[in-house]
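Please look through the sequence and the model below before reading on; the paragraphs that follow lead from a single side chain to the aromatic rings.

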Amino acid sequence: MEEGGPIKPLVVTGGATRVRLALTLGGGAARGLAHIGVLEVLEREGIRPDCIVGSSMGALIGSLSAKGLSARDIFDLAREFGFPRWFIPGGLVKWDVVFRSAARVLSRVTFEDLTTPLVVTAVDLEAGTQVILHAGPVLPAIRASCAVPGILPPIKLGARWLVDGGLLNLLPVDVAWMAEPDIVIAVKVGATRARPMPRLNWRLTSLLSVLGHIVPNPGTAKVAFEVLVRAAEITLDRQTALAAAMTNPELLIEPDLGDIGLRDFNRLEDAVKAGRCAAEEVLPKLDHLLSSPSCRRKQGEIEIHLRFDPVCAMVISPRRARASVRHEGSLYYFCSENCRDVFERDPDRYLAATALSFQPPPRDTR
């Protein structure tokens with residue numbers, strides 16, 4: 001009997017007997033600059049991932065690393081990241097203005113040109129589904145993955161309007177399992193859990209709010225924008241915590257970024273230092289994982305049939321599925337027993353909503 005669900009075959013060619021490592025870089029806007037510090041430590045230790053998976057800012061930093069740039073090179077490029085001086089809250093700015101230096105480097109580069117296989121996530125704005133990008137030009141995919149709604153404009157790829165991948169999957173560890181690695185390292189930058197909002201206490205804020213009921217003005221727009229950004233930070237922190245708990249990477253790196261906000265690109269050195277310290281702290285555990293005989297894969301080619309949990313749309317590898325159920329002759333896999341139970345109550349509803357774009361990683365020819 002045929003196994004069902006959205007089945008996507010993927011063939012991975014193994015090299016010599018060694019550990020296959022996937023690196024997942026989460027989203028977090030300026031807080032994602034901490035990824036540079038993590039990459040610096042891995043580079044220093046001679047640890048090279050076999051696959052990089054990124055969402056939002058993690059997609060951008062991951063793409064630069066996958067192209068072959070050193071952590072120092074990425075640091076130098078990141079010095080130019082930032083919003084224009086006269087950015088008006090609520091107004092859209094061009095991605096190439098905020099990340100001009102990265103746009104220059106990634107222009108005309110394709111996924112097939114990259115030194116390390118790369119997967120990035122975005123969200124179909126109209127369908128509300130995750131889109132996994134891993135083929136064709138890199139720059140449009142990165143623009144889409146970083147297109148924060150309300151700040152950066154949606155990106156049209158084919159017939160789809162795409163926005164920030166962090167809306168649905170801020171820490172895409174589940175996507176990293178596409179290549180069936182032995183170890184997944186995830187870097188969680190999320191958002192600050194606590195941040196004072198002094199502008200809400202200003203007398204001027206109260207006056208402008210009253211005036212805003214009569215005449216819209218830049219003052220009320222700025223206050224509203226600050227509240228929106230803080231609300232997004234709270235949501236992102238919660239989402240990354242849930243993602244890490246559900247996908248269970250072998251190693252989770254959590255830089256202590258303190259009060260660095262989503263827009264604080266001017267705090268590059270602080271963010272990189274936090275990433276560096278967090279990576280150095282977990283080095284003993286990483287060395288143990290990399291030297292573990294149980295993680296070493298035999299040489300040869302492995303064919304993998306991937307599926308998606310029809311309830312939460314998480315990428316599911318059958319060998320890591322927490323539950324499964326057979327429905328109308330097809331076998332579906334789930335990230336948890338809860339998702340399985342929800343599916344069984346109304347399977348037709350979830351099967352109709354499993355349209356998710358997928359482009360599999362190319363063969364690993366190393």
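Where is the place of Arg-72? Arg-72 sits in helix α3, which covers residues 71–78, helices being DSSP runs of H or I with at least four residues, numbered, like strands (E, at least two), from the N terminus. The model is a predicted one, in which local features need pLDDT of at least 70 and side-chain atom pairs count only at pLDDT 80 or more, while totals for chains, interfaces and linings use all residues. Residues are numbered from 1 along each chain as its sequence is written, and side-chain values rest on heavy atoms, with hydrogens and water left out.

With a relative accessible area of 48%, Arg-72 counts as partly exposed, the class between buried (under 20%) and exposed (over 50%), computed with a 1.4 Å probe on protein chains only. Its C-alpha atom is separated by 9.4 Å from that of Leu-39, 33 residues apart along the chain.

Turning to the rings, the structure holds 6 aromatic pairs, where rings of Phe, Tyr and Trp (its six-membered ring) pair if their centres lie within 6.5 Å, with planes under 30 degrees apart counted as stacked, over 60 as edge-to-face and the rest as tilted. One of them is the edge-to-face pair of Phe-81 and Phe-99, at 5.1 Å centre to centre and 90 degrees between the planes. This pair links distant parts of the chain, 18 residues apart, with Phe-81 in the loop between α3 and α4 (95–98) and Phe-99 in the loop between α4 and α5 (100–106). Both Phe-81 and Phe-99 are buried, and together with Phe-83, Trp-95 and Phe-265 they form one aromatic cluster.
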